[in-house]
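Biologist: I would like a close look at one part of this structure, the place where the two chains touch, with enough of each chain around it to follow the account. Please take it piece by piece.

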Amino acid sequence: MAIPYEFGYQKPATLQEAIALLAEHDKNARILAGGTDLVNELKQGFRVPEILIDIKGITELKNIQLVDDQLEIGALVTFSEILHSKILHDNAYILFEAAGLVASNGVRNRATMVGNICSAVACMDSASPLLVHDAVIHLISSQGERNVPIQKWFDDNRKTTIRPNELVTHVSIPIPKVKYAGAYQKMMRYSGEDLSQANVGVLLFADNTVHVAFGSVGPIPKRSPKIENLLKAKGLSADTIEEAKQMIEKVIAPITDVRASKEYRLHMCKVMFVRALNTAQARIKKPKLITKKLHYEKKCLQSE
Amino acid sequence: MKKNVFSLNDEIRSIYINPNETLLEVLRDKLGVKSPKCGCDSGDCGACTVLIDGKSVRSCLILAIEVDGSTISTLEGISKDGLSPLQKAFHEHNVFQCGYCAPGMILSATELLKKNPHPSEHDIKEAIAGNLCRCTGYIPVIEAILDFTKKD
């Protein structure tokens, strides 16, 4: 299907040029990175832009780096690059794990993690891992820089707190001071490539603090302070985990749609929560466990 | 219209492109390269797969204007001098019936084998995921690639 209307295209070489273009066109501009969501949207004609600003020429947005105790993931980092990053494999395995479950290789070679959270479609895979890691989104505009904690980033399905003249430069993840391990669970109709019907992210710390996030079971992905506080107060005994599992009914309210019913989603969130918690517990004890599934990706890991 | 210059199957091509044209449309309708197919037109089926700088991508989700300066390979390039050894393996295993998914399958396998010459069955499944086949299923594809890597 051809895109039935015309628009301009600019490929700035620097961040400054990109910001100036954004300031000039404001809400009539759209940022183009991987384009896997954007080109579909252009075909459907939801929002007709005046101009696309292709940021792929801005090299400083391509980095994955560890700066002091912060992990930084640039706006142009694709899911394939996440799967080849030793830094992410070693420091934010849950993100690495989720990246491997995004669509298929041909999409991952192009789609960016930042694009995923900017499109903010409810079934995205990046949100739960970033939520449990307390990630921060870094924005820039002609007015200056702004940081938004991921918990305040999502407004609604496909809506974030980004302003029309802003550009996300990178996402940062603070590296916890204590030992930690995460696990991501995604429910799909078939493996290989599918959107999530529901997903759960768990990050477990050595002091038994637990961060839990649920995705694709509401308009926006969410952490659950209720469950986290319960586990913090009562520990990780089988009884408490059962109590937390039952609490899920009160903290999420999934809908029935073409991909799954609300009952199925709710049931599977309970199952996936326990699976993720068990996996995280096993990983925190034996970190080597984590590479079993992604052996091919491990072979290709590169040191940045 | 903007002039784009890129390498297509080892030939330098320069062509005037509108920003609203997808790479798939330009390859098929302006450059006569017909191996990438338009299946779902939304990145799910893999029929439009091409390699950009060696990586498999969905050409229906890329604007042609984005590929300025890139190196693009399609099945036509891979089989320039007759069937490639990988294609011969596919042929021997009767992998395809209608052939619509063939370019995507072969290009995805080409990308995989370049990075990982001895993939496991799991690696192969992961690499060809997102290339939908409605005729023969996926087993012959996996067998052909495994067989090819054993001969190697």
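Modeller: What follows starts at the contact between the chains and then goes through chain A and chain B in turn.

The model is a predicted one. The contact between the chains draws 26 residues from chain A and 29 residues from chain B. On the chain A side, the elements that supply two or more residues are β1 (8-10), α2 (38-44), β3 (51-54), α6 (105-108) and α12 (295-299) of chain A. Of these, α6(A) gives the most, with three residues. Sorted by class, the side of chain A that touches chain B holds twelve nonpolar, nine polar and five charged residues.

Two of those elements can be followed back into chain A. Take α6(A) to begin with. The loop between α5 (93-99) and α6 of chain A contains A:Ala103. The phi angle of A:Ala103 is near 40°, a positive value in a residue that is not glycine. A:Ala103 has 21 C-beta neighbours inside 10 Å, and it therefore counts as buried, the cut-off being 20 or more.

The other element is β3(A), which is joined by four bridges to β2(A), the two strands running parallel. Within this pair, A:Ala29 stands opposite A:Ile51 of β3(A). Strand β2 (residues 29-32) of chain A is covered on both faces. A:Ala29 and A:Ile31 lie on one side, A:Arg30 and A:Leu32 on the other, and all of them are buried. Why do the residues of a strand fall into two such sets? In a regular strand the side chains alternate between the two faces of the sheet.

Another covered strand of chain A is β10 (residues 167-174), where six of the eight residues are buried. Strand β10(A) pairs with β5 (residues 70-74) of chain A in the antiparallel sense, over five bridges. In that pairing A:Leu71 stands opposite A:Ile173 of β10(A). Strand β10(A) is also joined to β6 (residues 136-141) of chain A by five bridges, and these two strands run antiparallel. There, A:Val136 has A:Ser172 of β10(A) as its bridge partner.

As for chain A as a whole, it has twelve helices and 14 strands. Its C-alpha trace spans about 60 × 45 × 35 Å along the principal axes. A compact globule of 304 residues would have a radius of gyration near 19 Å, and chain A agrees because its own value is 19 Å. Buried residues account for 46% of the 304 residues in chain A. Among the contacts in chain A with a separation of 6 or more, 63% are between residues 24 or more positions apart.

Now to the partner. Chain B is divided into domain 1 (2-74) and domain 2 (85-151). The centres of domain 1 and domain 2 of chain B, taken over C-alpha atoms, are 22 Å apart. The contact between these domains takes 14 residues from domain 1 of chain B and eleven residues from domain 2 of chain B. On the domain 1 side, β3 (49-52) and β4 (55-58) of chain B each supply at least two residues. The largest share of that side, three residues, comes from β3(B). By class, the side of domain 1 of chain B that touches domain 2 has five nonpolar, seven polar and two charged residues.

The loop between β3 and β4 of chain B includes B:Asp53. B:Asp53 is not a glycine, yet its phi is positive, at about 50°. With 13 C-beta neighbours inside 10 Å, B:Asp53 counts as partly exposed, because a residue is classed as exposed at 12 or fewer and as buried at 20 or more.

Further along chain B is helix α4 (residues 102-115), which has 14 residues. From its first C-alpha to its last, α4(B) reaches 20 Å, close to the 20 Å expected at 1.5 Å a residue. Ten of the 14 residues of α4(B) are buried, so this helix is largely enclosed by the rest of the structure. Among the buried residues of α4(B) are B:Ala102, B:Pro103, B:Gly104, B:Met105 and B:Ile106. The buried set of α4(B) also includes B:Leu107, B:Ser108, B:Ala109, B:Glu111 and B:Leu112.

Methods
Residues are numbered from 1 along each chain as its sequence is written. Chains are lettered from A and ligands numbered from 1 in the order in which they are written. This is a predicted model: local features need pLDDT of at least 70, side-chain atom pairs count only at pLDDT 80 or more; totals for chains, interfaces and linings use all residues. The radius of gyration is taken over C-alpha atoms; the globule rule is 2.2 Å times the number of residues to the power 0.38. Two residues are in contact if their C-beta atoms, placed from the backbone, lie within 7 Å. Two strands pair if DSSP finds at least two bridges between them. Domain bounds come from an automatic or database domain assignment. Ala, Val, Leu, Ile, Met, Phe, Trp, Tyr, Cys and Pro count as nonpolar, Asp, Glu, Lys and Arg as charged, and the others, Gly among them, as polar. The expected span of a helix is 1.5 Å times one less than its number of residues.
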